[in-house]
Amino acid sequence: DEPICIDEAEALERLGGIADLFLVHDRPIARTIDDSVVRVVSGREMMIRRARGYAPMPVMMPHSRTNILAVGAHQKNTVALQVNQNAFVSQHIGDLENEPSVNSFEEAINSLCRLYDAKPTLMVCDQHPDYISTQFATASGASVTQIQHHYAHICACMAENQLEGPVLGVAWDGTGYGPDQTVWGGEFLRVENASFERVTHLRTFKLPGGDKAVKEPRRSALGVLYEIFADSLLGQINLPVLSAFSDNEFPVVIRLLQTGFNSPRTSSMGRLFDAVAAIIGLRQVISFEGQAAMELEFAVNEEEEGHYTFHISDTVDWAPVIEELLQDISSGVETGRMAARFHNGLAEMILQVAERTGMEKVALSGGCFQNRYLTERSIKRLEEGGFRPYWHQRLPPNDGGISVGQLYAASLLKPIDR
């Protein structure tokens, strides 16, 4: 959770208890740049972490602006500076969770501004008031524009694909601050050139323990199951996920769900992935971010063509999916087939929402679309339905692309003084 060491003395101090030998050089390293991470999705590269070899390669913006700086999100942070029609994106900085990461964030901003001789007159940031990046922007003294997290995701996809609205944006991730002050993450947005509308979203459920549920998929699973069964869940002793809690833990978590204390409601697709992974029995507690969702992806049996059914109305109801999943568990269906049916159901859901809205262009963004099978299946079904899907290549679908999305959204607003 910290930037890599670039200073010899720092490395000796921080890594002395880990490394037996150090290979050093008399030429100092100028800045922190991680290795880039790329995977192949639908026959072309998709950036997962944009750093060495790619940053600060520019992305073209729809309008020429100068001295706009976007400070990105809180996790997988990057910053981006617009100079004329180019958005120059920093290297991957990481999660702004500790002092070294914040120092790296500020140095990246100073480095970009020095490199392009820029003095930002407008800062663009997330709407979340507790993000370090948001607090940096509001304290900067410059004018500030706040862009909703999931709108920025879709704008990032639009920027690198040179899209204009209207676009149906599918923004799926772990968490993002919604304008209604709830936790968003399973969103369908109608994006026009300078605005967005929430078309529909996942049915919400409670996360018992709040942030603790992010590291314990079993808590997301219990939140989903409680939404369906309520207190009758106490009698569902045959569900394997329930045995993941000790005799002391289980009643405490149930009490959180009953009272709503420290149990925020969320529409997060990332947390639904966690819930399904826990219910199937793949992962109850994670040791790194996204572990449960990754294991669910890797479990997919790609020969399976069946799918679970989401009910779509004002919201997208996942309850039928969970009920079908529980039936498959009781029938002894292979894990790989259940994982595939869940993923296939998600692709069918995207297609059905696209058909309901009638928008030809569909942009896929957010950390969930790092999932190769989900992205490729969604592309396939959209193309078969006569739609035009767009996804990420040069920018990460995760929060590493947020800074460019923030710039893109700001560039569509009225021109600012240079």
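Just after helix α6, Ala230 adopts a positive phi of about 55°, where helices (DSSP runs of H or I, at least four residues) and strands (runs of E, at least two) are numbered from the N terminus. The model is a predicted one, in which local features need pLDDT of at least 70, side-chain atom pairs count only at pLDDT 80 or more, and totals for chains, interfaces and linings use all residues. Residues are numbered from 1 along each chain as its sequence is written, and side-chain values use heavy atoms, with hydrogens and water left out.

Ten of the 13 residues of α6 are buried, so this helix is largely enclosed by the rest of the structure; buried means under 20% relative accessible area, with a 1.4 Å probe and protein chains only. What covers these residues, by contact (heavy atoms within 4.5 Å), includes α5, α7 and α10.

The expected span in the table is 1.5 Å times one less than the number of residues.

| Helix | Residues | End-to-end C-alpha distance | Expected span |
|---|---|---|---|
| α6 | 217-229 | 18 Å | 18 Å |

At the start of α12, a side-chain oxygen of Asn371 comes to within 3.1 Å of the backbone nitrogen of Tyr373. Tyr373 is itself buried, and the buried residues of α12 also include Arg377 and Arg381. After α12 comes Gly386, with a positive phi near 90°.

Strands β8 (residues 183-191) and β9 (residues 196-201) run antiparallel and are joined by five bridges, pairing being assigned if DSSP finds at least two bridges. Among the residues of β8, Glu187 has His201 of β9 as its bridge partner, and a hairpin of four residues connects the two strands.

Conventions: Buried < 20%, exposed > 50% of the residue type's maximum accessible area, 1.4 Å probe, protein only. Polar contact = N/O pair within 3.5 Å; in protein donor to acceptor, adjacent residues only side chain to side chain.
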